[in-house]
Each structure stands twice: as structure tokens, then as C-alpha cells.
Amino acid sequence: MSSHSLNRTALALVLVTTVGTSFSTVGAQRGAPAPATPAAAAPPETMPALLFSERWKQVDAAVAVPSSPRRSTGKYWLASQLAVTNPNVEAKFYGSDAKNLTVYLHEGRYDIWSGLTGSPTGVLLKHKTNLMDLTGLARVRALVRTGNLHQLHPAVRLADGTLVAGSQVIDTDGQFLQVDVAFGNQRWFILESDSLAVKGAPMNKVDLAKVDEVGFVDLAPGGGHGSSGWYNISWVDVYARGVPR
């Protein structure tokens, strides 16, 4: 190839490059879309902060329940609101014989004990100024014990007043164990507030975004004395978002 041909070829390449660059610049100036940037990844969901805790205390039965026929013995410390240590929390006791739930010292901690009750019972906690959002990674963490074939189920009272129990079964076989309760992975059953009898099939939908009370129920009837079967509920921590009442 002659030198003139080489020069013409080089000139043509320069012109093509220059024209292409000019068109690219003009396109950018006319608002041509810029290359898409990858969307930022959503931050991982985390467990809500601790909304409240409860550690029980023992109160003389004569003060806690003045009408109790056992008050003069000094032997029974019946559970009541006076056993609650957190000023922002109310305790709710369910079951026809919940009046015989007691507060006793076990392993250096005070806890609610059901050994003297003769019916199914439940213990739920209510925050005075907030409903609880138990969706997502909300958790209840508690130290509990069950004995003699008794089992606990998570329970909540919904904002509309419905009392429901979850399908999670908690059985510690006589040992105090820490348990975690998640709420989105359970089937929920409506309970009668007094008898704690289950009312039919699981609910189709449960609104866990605004919960009034949370805790545990034992659906087995007690025998009315300590050796027949029981549960203990020691400390309770609720990790949930508060929804102002």
C-alpha cells in the first residue's frame, strides 16, 4: 500500500472517531439517560428494642388479697398487681381459679407459680401507655418452668379484646429454661377468658400490629396442690415496638 493510501486511511479513522465523539457529547447534552446505578440494598431487619421487663416481688398475702381465707397462715403469697415491680406494667390473671396463683422464691428469683390452682390459668402483661407491635422480629423472652405434663402456650389479648393462644408448646420437663417466642409463625386459637377453653378452629387472620396484653397460658386443669402439676413464670422481657394508646 502506498504512503498516500495509508495517509487517507488514517485520516478517515480520525474523522470517524471525532464524529462519534461529537455525537456522544451532543446526546449527553440533550439529556440522554445516564447508565442505571445499582439500587442500594435495604438494611437488614433487626429485633426491636426492649419495650419492658418484669421481675416479680413477693407481697404478704394479707396485703395482696385481704379476702383470702389463707391470709392468716403466713404460708401463701397470692399473686396480684402488688407483686409487679415495673410501674409501667399491669398483670392480668386468667382462669376460674387464678385467684390461687402464688408468688414464690425459686433458685433465688421470685416467680408466679400455679401449683395451688385447680383450673387452667394464664398470666399476661399489659403496658400502661403502649400497645405492642408483635409483627416481624418482635420477641418475648422469658424464664419459665413446667412440670408433670403441664405445658405453656404464648397468649395475647388483641386490641379488640379477643384472647388468643398460640400453637407453640413450651415444655421444660421440670427445669427453669429461657424461651423465646416469635409471633408470625404460629396458629392462633380464641380462648374463653374465664375457663380458657378453646373456641373452635384457628383464626384466619390475627392482627399482631396492635396487641394489648402478652404472656402465657396453661390449658391443663391444675390439681389444687403442688405435686399435681404446675408452671412457673420468672422474668419476662418484651422486645416490641410500642404503639401509643
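1. Residues 24 or more positions apart account for 76% of the contacts in the protein with a separation of 6 or more, a contact being heavy atoms within 4.5 Å. Before reading on, bear in mind that this is a predicted model, where local features need pLDDT of at least 70, side-chain atom pairs count only at pLDDT 80 or more, and totals for chains, interfaces and linings use all residues. Residues are numbered from 1 along each chain as its sequence is written, and side-chain values use heavy atoms, with hydrogens and water left out.

2. On the overall make-up: the secondary structure comes to 2 helices and 14 strands. These are DSSP runs numbered from the N terminus, with helices being H or I of at least four residues and strands E of at least two. Of the 245 residues, 43% count as buried; buried means under 20% relative accessible area, exposed over 50%, and partly exposed in between, with a 1.4 Å probe and protein chains only. The accessible surface is about 13,000 Å², and carbon and sulfur atoms hold 57% of that (Shrake-Rupley method, 1.4 Å probe; for residues, only the protein chains shown count as cover).

3. Now the cores. A nonpolar core here is a set of buried Ala, Val, Leu, Ile, Met, Phe, Trp, Tyr and Cys residues joined through side-chain atoms within 4.5 Å. The largest one has 38 residues, and Leu134, Val156 and Phe183 have the most contacts inside it. Two or more residues come from each of β2 (89-94), β5, β7 (139-147), β8 (153-158), β10 (177-182), β12 (211-218) and β13. Strand β13 gives the largest share, 4 residues. As background, nonpolar side chains tend to be buried together in soluble globular proteins.

4. Val156 is worth a click. Leaving aside residues up to four places away in sequence, Val156 touches Leu124, Leu134, Thr162, Leu163, Val164, Phe183, Trp188, Val211, Glu213 and Val214. There is also a second, separate core of 8 residues, which includes Ala155, Leu163, Leu196 and Val217.

5. Salt bridges next, meaning a side-chain nitrogen of Lys or Arg within 4 Å of a carboxyl oxygen of Asp or Glu. By that rule the count is 9. Take Arg55 and Asp237, whose side chains pair at 2.6 Å, N to O. They tie together distant parts of the chain, 182 residues apart: Arg55 is in the loop between β1 (50-54) and α2 (61-64), and Asp237 is in strand β13 (residues 230-239). Asp237 counts as buried because its relative accessibility is 8%, while Arg55, at 37%, counts as partly exposed.

6. Some other bridges to look at: Lys92 pairs with Glu90 at 3.3 Å, and both count as partly exposed, Lys92 at 26% relative accessibility and Glu90 at 24%. Lys99 bridges to Asp97 at 2.9 Å; here Lys99 is exposed at 56%, but Asp97 is buried at 12%. Lys126, Asp212 and Arg245 are joined in a network of salt bridges.

7. Instead, the Glu54 side chain reaches the backbone nitrogen of Thr85 at 2.8 Å and that of Asn86 at 3.1 Å. Among the residues Glu54 touches are Val89, Leu125 and Trp235.

8. Ser119 sits in the loop between β4 (109-113) and β5 (121-127) and is buried, with a relative accessible area of 7%. Its side chain makes a polar contact with the side chain of Ser96 at 3.4 Å. That term covers a pair of N or O atoms within 3.5 Å; within protein, one must be able to donate a hydrogen and the other to accept it, and residues adjacent in sequence count only if both atoms are side-chain atoms. A polar atom of the Ser119 side chain also lies 2.9 Å from the backbone nitrogen of Asp97.

9. Finally, two backbone angles to check. Most residues other than glycine have a negative phi. Glu107, in the loop between β3 (102-106) and β4, has a positive phi of about 55° and counts as exposed at 57%. Leu196 has a positive phi of about 60°; Leu196 is in the loop between β11 (188-190) and β12 and is buried, at 3%.
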